[in-house]
Amino acid sequence: MEDGRDDEYYTPTQSPRESTDSETDHERKRRGSTKKMNPESTKGRGSSTRSGFIIDSKGIVITNNHVISGADDILVRVGDKEYKAKVVGADPYMDIAVLKMETSDQFKPVSFGDSDKARVGDWTIAIGNPLGLGGTVTTGIVSAISRDIGAGPYVKFIQTDASINKGNSGGPLFNVEGEVIGISSAIISQTGGSIGLGFAIPSNSAKKIINQLKEFGRTKRGWLGVQITPVSKDIAESLGLSEPKGAFVSSLNPSGPSKEAGIQEGDIILKFNEYEIKNMIDLPKVVAESDIGSIAKVEVWRKNKIVLIEVELGEL
């Protein structure tokens with residue numbers, strides 16, 4: 001990803017191995033930068049062009065956090081007009097940013113669809129600004145769902161072979177009904193260009209974050225207060241579990257909600273509310289998406305039996 005977690009993972013905007021601007025880092029910092037969204041504009045000195053989409057008639061724009069991060073000014077182009085925009089809120093962990101265009105003009109928004117209904121083989125349509133070519137439309141299919149690409153614990157991506165390149169970041173991924181089911185966010189490539197491995201943040205994961213950013217300017221995530229590790233075959237056998245699954249509790253935050261509720265070190269969390277925890281990476285996402293202060297029913301494996309514990313979630 002762009003933050004350097006893995007040299008093989010590139011965002012659609014810029015690979016770790018090359019720069020899209022000939023200026024030095026010192027020159028960029030001294031001069032500042034302008035980010036342009038949804039443009040049919042060309043890239044100029046000190047500016048970069050990316051993608052986004054409007055979800056509200058009053059000019060609320062969704063894009064990726066990495067698109068606007070570090071920008072001094074943000075311009076949104078709609079048709080042949082440009083509007084200044086301000087950041088309402090951004091979440092680097094989900095790579096989502098909410099912008100508001102500074103205008104009284106009215107806009108025609110797009111609508112979110114239900115990303116949980118997406119199935120492998122469904123047609124997808126990506127629209128964005130690859131390499132400065134605004135309004136580019138590409139098509140493909142859903143190649144995989146719930147894909148973990150090592151981009152953090154809170155999102156599992158929709159994988160698509162619709163062509164996504166540098167500049168597509170923040171653009172919408174549509175289903176055939178014209179509903180947004182994803183936000184184009186990353187590609188995997190050894191060349192920096194599309195090889196049919198594109199990834200979008202699912203709309204159902206994005207909607208709650210977007211609503212929180214609009215309302216509070218920040219995200220509010222549920223907190224369980226546990227440190228977890230994968231359940232290996234050896235751990236499962238030693239604790240009498242029939243197969244390696246769940247999340248092994250290696251330690252507890254002494255002031256966290258799990259400690260107070262009675263979860264113990266050595267427990268294996270098998271279920272969180274209605275969600276089965278098949279792998280360790282499943283747990284952080286479902287906890288983070290839960291409401292702060294809600295009572296979660298946590299099913300743990302302890303001393304060769306299942307124990308049900310109710311935990312009032314804190315705020316991460």
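Select Thr63 to start; this residue lies in strand β5. The model on your screen is a predicted one. Is Thr63 buried or exposed? Thr63 is buried, because its relative accessibility is 0% and buried means under 20%. Now show its side chain. The side chain of Thr63 reaches the backbone oxygen of Ser51 at 2.7 Å.

**Zoom out**

Show the whole chain as a cartoon. Count the elements: there are 6 helices and 22 strands. The chain has 316 residues, and 48% of them count as buried. Next, think about contacts between residues at least 6 apart in sequence. Of these, 58% join residues at least 24 apart. The accessible surface comes to about 15,300 Å². Carbon and sulfur atoms hold 47% of that area.

**Into the core**

Hide the surface and select Ile62, Ile96 and Ile201. These three touch the most other members of the largest nonpolar core, which has 24 residues. Which elements give two or more residues to this core? They are β4 (53–56), β5 (60–63), β8, β13 (180–188), β14 (198–202) and α3 (203–216). Colour them to see where the core is built.

Stay on Ile201 and list its contacts, leaving aside neighbours within four places in sequence. Among them are Asn64, Met94, Asp95 and Ile96. Val155, Phe157 and Ile181 are also in contact with Ile201.

Another core lies apart from the largest one.

**A serine in a loop**

Go to Ser115. This residue is found in the loop between β8 (96–101) and β9. Ser115 is buried, with a relative accessible area of 7%. What does its side chain reach at 3.0 Å? The side chain of Ser115 reaches the backbone nitrogen of Asn204. Beyond its neighbours within four places in sequence, Ser115 is in contact with Ile158, Ile181, Pro202, Ser203 and Asn204.

**Aromatic pairs**

Now look at rings. The whole structure holds 4 aromatic pairs. Select Phe53 and Phe112. Their ring centres are 6.0 Å apart and their planes stand at 80°, so this pair is edge-to-face. Phe53 sits in strand β4, while Phe112 sits in the loop between β8 and β9. The two are 59 residues apart, and the pair links distant parts of the chain. Phe53 is buried, at 3% relative accessible area. Phe112 is partly exposed, at 21%.

Move to Tyr83 and Phe107. Here the centres are 5.3 Å apart and the planes are at 80°, so this pair is edge-to-face. Tyr83 lies in strand β7 (residues 81–91) and Phe107 in the loop between β8 and β9. The pair therefore ties together parts that are 24 residues apart in sequence. Tyr83 is buried, with a relative accessible area of 9%. Phe107 counts as buried at 10%.

**Charges over rings**

Select Lys220 and Phe216. The charged end of Lys220 sits over the ring of Phe216, 3.8 Å from its centre. Then select Arg221 and Tyr154. The charged end of Arg221 sits over the ring of Tyr154, 4.4 Å from its centre.

**A strand residue**

Find Thr229 in strand β16 (residues 226–230). Thr229 is partly exposed, with a relative accessible area of 28%. Which residues is Thr229 in contact with, leaving aside neighbours within four places in sequence? They are Ala247, Phe248, Ser250 and Met280. Now draw a distance from Thr229 to Asn279. Their C-alpha atoms are 9.5 Å apart in space, though the residues are 50 apart in sequence.

**Two positive phi angles**

Most residues other than glycine have a negative phi. Select Leu131, where phi is near 55°, a positive value. Leu131 is found in the loop between β9 (123–128) and β10 (136–147). At 65% relative accessibility, Leu131 counts as exposed.

End at Asn273. This residue has a positive phi of about 55°. Asn273 is in the loop between β18 (268–272) and β19 (275–276). Asn273 is partly exposed, with a relative accessible area of 27%.

Notes: Residues numbered from 1 in each chain as written. Predicted model: local features only at pLDDT ≥ 70, side-chain atom pairs only at ≥ 80, totals over all residues. Heavy atoms only, no water. Helix = DSSP H or I, 4+ residues; strand = E, 2+ residues; numbered from the N terminus. Buried < 20%, exposed > 50% of the residue type's maximum accessible area, 1.4 Å probe, protein only. Polar contact = N/O pair within 3.5 Å; in protein donor to acceptor, adjacent residues only side chain to side chain. Contact = heavy atoms within 4.5 Å. Core = buried A, V, L, I, M, F, W, Y, C linked by side-chain atoms within 4.5 Å. Areas by Shrake-Rupley, 256 points an atom, 1.4 Å probe, with all protein chains shown as cover. Phe/Tyr/Trp six-rings, centres within 6.5 Å; stacked < 30°, edge-to-face > 60°. Lys NZ or Arg CZ within 6 Å of the ring centre and 35° of its normal.
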